[in-house]
Amino acid sequence: MIKLLTISFLVYIHSSSALKLVVSGYNNKLAVYNVDGNSVQHSVDWEVGAAGQDMTWLQIDGDQIWAGHEVGEYEGQANSVVSRWQVSADGSSLQRQEYVGTGSVYTAHLLVDKDKSMAYAANYGGSTFSVLTLSDGGLGELNMVESYGENCRDASHPHQTYAKDNWVWVVDLGCDKIWHYTLKDGSNDQLEATGSTTVRAGAGPRHMIIHPTKDLMFLLCELQSLVQVYK
């Protein structure tokens, strides 16, 4: 029996004429597919070895890929990490550039905000939210680790981070909450907690997105199969 588990299914433009899909999961390789009209054809597998273990969340940035590793240990250290990778000129391989520990375990989501020179990691298995700085076009240092869990329905499970302007939100599936942060005045790398939004009990919020032109937020809830709308 063959078991296939796909965690991330992402689209990126590798060249001006080719649309490609990158698929990652709980393994040591990523699969790349060419899209031509209604046809999807497997192109190449990027073998990333132990250094690319469980890259279950990817953010495509031109010919670079930022990744969150949903692991409890990485290269002998009890930690999950986020990393940056470079696609080779011919598109046949992927090479790790650097990585930084999240100060926690089992990172489920990574958001890189190059405009603010920040990166945010939601650590599902660690009940934490990590803030990292960017430096010289790559990952810099771990800046902050915030822990959750008091008075929650379940163990805290931060599943996603979303950012807009100076605001940052952390979607917590286990606590049925969205945690609110803002960048401190006069600081480009310090976040300040400003409160939270309580979601319907037992809903299990997983991912959010903000409407591009209206003051509306759409929240996907896993445990009760809901989509909620907030103003």
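User: Where does Asp-54 lie?

Analyst: Asp-54 sits in the loop between strand S4 (39–47) and strand S5 (55–61). Strands here are DSSP runs of E, at least two residues long, numbered from the N terminus. A quick note on the source: this is a predicted model, where local features need pLDDT of at least 70, side-chain atom pairs count only at pLDDT 80 or more, and totals for chains, interfaces and linings use all residues. Residues are numbered from 1 along each chain as its sequence is written, and side-chain values use heavy atoms, with hydrogens and water left out.

User: Why does Asp-54 count as buried?

Analyst: Its relative accessibility is 14%, and buried means under 20% relative accessible area, with a 1.4 Å probe and protein chains only. So Asp-54 counts as buried.

User: Which residues does Asp-54 touch?

Analyst: Not counting residues up to four places away in sequence, they include Tyr-26, Asn-28, His-69 and Val-71. Contact means heavy atoms within 4.5 Å.

User: What makes a set of residues a nonpolar core?

Analyst: They must be buried Ala, Val, Leu, Ile, Met, Phe, Trp, Tyr or Cys residues joined through side-chain atoms within 4.5 Å. The largest such core has 17 residues, and Met-55, Trp-46 and Trp-85 are among those that touch the most other members. S7 supplies the largest share, three residues. A second, separate core of 15 residues includes Phe-129 and Tyr-181.

User: How do you know that S17 and S18 pair?

Analyst: Pairing takes at least two bridges found by DSSP. Five bridges join S17 (residues 205–210) to S18 (residues 217–221), and the two run antiparallel, so they pass by that definition.

Terms used: Helices (H or I, at least four residues) and strands (E, at least two) are DSSP runs, numbered from the N terminus. Buried means under 20% relative accessible area, exposed over 50%, partly exposed in between (1.4 Å probe, protein chains only).
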